[in-house]
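Welcome, and thanks for opening the structure in your viewer. Please follow along stop by stop, selecting residues as they come up.

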Amino acid sequence: MAHTDPLHYLKDELRALEAKGVRVHPPVLEGEQLPVAVFNGRRVINLGSNNYLGLTTHPRLRAAAEAAVRTLGTGSGAVRTITGTMRGHVELEAAIARFKGAEAAVVFQSGFTANAGTVSAVLGREDFIISDELNHASIIDGARLSRAAIKVFPHRDTQAAEKILAELAPQPGKKLLITDGVFSMDGDIAPLPELCALAEKYGAIMMVDDAHASGVLGRNGRGTVDHFGLHGRVQIQVGTLSKAVGALGGYVCGAAHLIEYLRLRGRPFLFSTSHPPAVTAACQAAFEVLEQEPERITRLWANTRRFQSGLRAAGFDLGRTETPITPIMIGDGRKTMEFSRALFEAGVLVTGIAFPTVPEGKARLRAIVTATHAPADLDEAVATIARVGKRDGII
Ligand SMILES: *Cc1c(COP(=O)(O)O)cnc(C)c1O
């Protein structure tokens, strides 16, 4: 007897995405994640990575990872709470806490699990999370897992956040005020000083997700708390090891009692195997590089200014970016994906971002500048984006 496929509805969903022009296939990188790299067999200027400082191929990270593989093998073999806590995990966490000036730090498998695992561990059903509408999906998932009530405020609207906090004041539940430090699709920076003041006024916990600020903002890339001088006023700081740090992972830092609690109740920490030694070794080397090679961050920002002023002069709308994340606002999803494809053909990889990653009608290209792009590559990219944009009626 012929069976009907119970998943057949997914084919309809795929056709619907196809009809919208957003059934996209990620480009396949051949070789290393470099500023000029080969994707799908084509050599392009690569404006698609979060490898802000070029650390994924840094000789010191590579050497540390190689040595760890040689001496310690390829896997940790267990979750952290059983036998998967290796010396490298402990040393990396101490290094992160020192770097961030925090009492303690805990490392998770990714920034995603750091956020989701932390929010779901520190809040419960009777609590409230007050969240910027553009916060990362991992924060939303953590909030859902916690079963706390989610109250969303319009992007960077501190008055709206205060209104929510004031309304919730009579409620006995805990309140967590949470924001991305740098917003991943727009490149703007959270109004963290104002949010800290609100958290203090209303007795809320302040949490910041510094995925795109780690290694980018603050002294030696210490993040938004350092950028704004808000030391001691943000109780939960999340960072990623997957972007500027050049490897993989996420971390949380804060008070010793927060970190110990996360080691006991953070579900990804308890139920998912810890990093292999090569990853922790590479991360340890990365924090040394952040301290010793601040010129990488200087170059990142110089490159950012060069690239963004070139695009603005060509007539592109870069939204409200304040960081190396460079949105090129288009609006229509299909048009955005077509522009991205045309640029790829012309030798520039810039990712098209459409619904559901950003709201309908707010599709855009997103270019990310790195420290390792040569100025000439950035100038060529600007010229190509402008030429193709004019040809295709974008500007
Ligand atoms: C990338 C990102 C994460 C997830 O970090 P990974 O280490 O890649 O899992 C979390 N939050 C924000 C804002 C991000 O941009």
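With which residue does Arg15 form a salt bridge? Select Arg15 and Asp12 together: they are salt-bridge partners, and their closest N and O atoms are 2.8 Å apart. Both sit in helix H1 (residues 8-19), and because they are 3 residues apart there, about one helical turn separates them. Keep in mind as you go that this is a predicted model. Under the rule used here, the salt bridges number 23.

**Stop two: the domains**

Now colour the protein by domain. The domain assignment gives domain 1 as 21-52 + 294-391, and domain 2 as 58-292. Their C-alpha centres are 27 Å apart. Where the two domains touch, 22 residues of domain 1 and 25 residues of domain 2 take part in the contact. About 1,900 Å² is buried between domain 1 and domain 2, and carbon and sulfur atoms give 57% of that area.

**Stop three: polar links across the interface**

Between domain 1 and domain 2, the rule finds 5 salt bridges. It also finds 14 residue pairs in polar contact across this interface, counting pairs with both residues at pLDDT 80 or more.

Which elements give two or more residues to the side of domain 1 that touches domain 2? Highlight helix H12 (295-313), strand E11 (325-331) and strand E14 (363-368) to see them. H12 makes the largest contribution to that side, with 5 residues. Sorted by class, the side of domain 1 that touches domain 2 has 10 nonpolar, 5 polar and 7 charged residues.

**Stop four: the ligand**

Centre the view on the ligand, which 15 residues surround. The closest are Gly111, Asp209, Thr240, Ser242 and Lys243. Start with Thr240, where a polar side-chain atom is 2.7 Å from a ligand oxygen atom. Then pick His136: an N or O atom of its side chain lies 3.4 Å from a nitrogen atom of the ligand. Finish with Gly249, whose contribution comes from the backbone, with an N or O atom 3.5 Å from an oxygen atom of the ligand.

**Stop five: two backbone details**

Before the last selections, a word of background: most peptide bonds are trans, and most residues other than glycine have a negative phi.

Is the peptide bond from Phe355 to Pro356 cis or trans? Zoom in on that pair and you will find a cis bond, with omega near 10°. Pro356 belongs to the loop between strand E13 (351-353) and E14.

For the other detail, select Arg147, in the loop between helix H5 (137-146) and strand E6 (149-153). Arg147 is not a glycine, yet its phi is positive, at about 65°.

Key: Residues numbered from 1 in each chain as written. Predicted model: local features only at pLDDT ≥ 70, side-chain atom pairs only at ≥ 80, totals over all residues. Heavy atoms only, no water. Domains from an automatic or database assignment. Contact = heavy atoms within 4.5 Å. Buried area = accessible area lost by both parts, 1.4 Å probe. Salt bridge = Lys/Arg side-chain N within 4 Å of Asp/Glu carboxyl O. Polar contact = N/O pair within 3.5 Å; in protein donor to acceptor, adjacent residues only side chain to side chain. Helix = DSSP H or I, 4+ residues; strand = E, 2+ residues; numbered from the N terminus. Nonpolar A, V, L, I, M, F, W, Y, C, P; charged D, E, K, R; others polar. Near = heavy atom within 4 Å.
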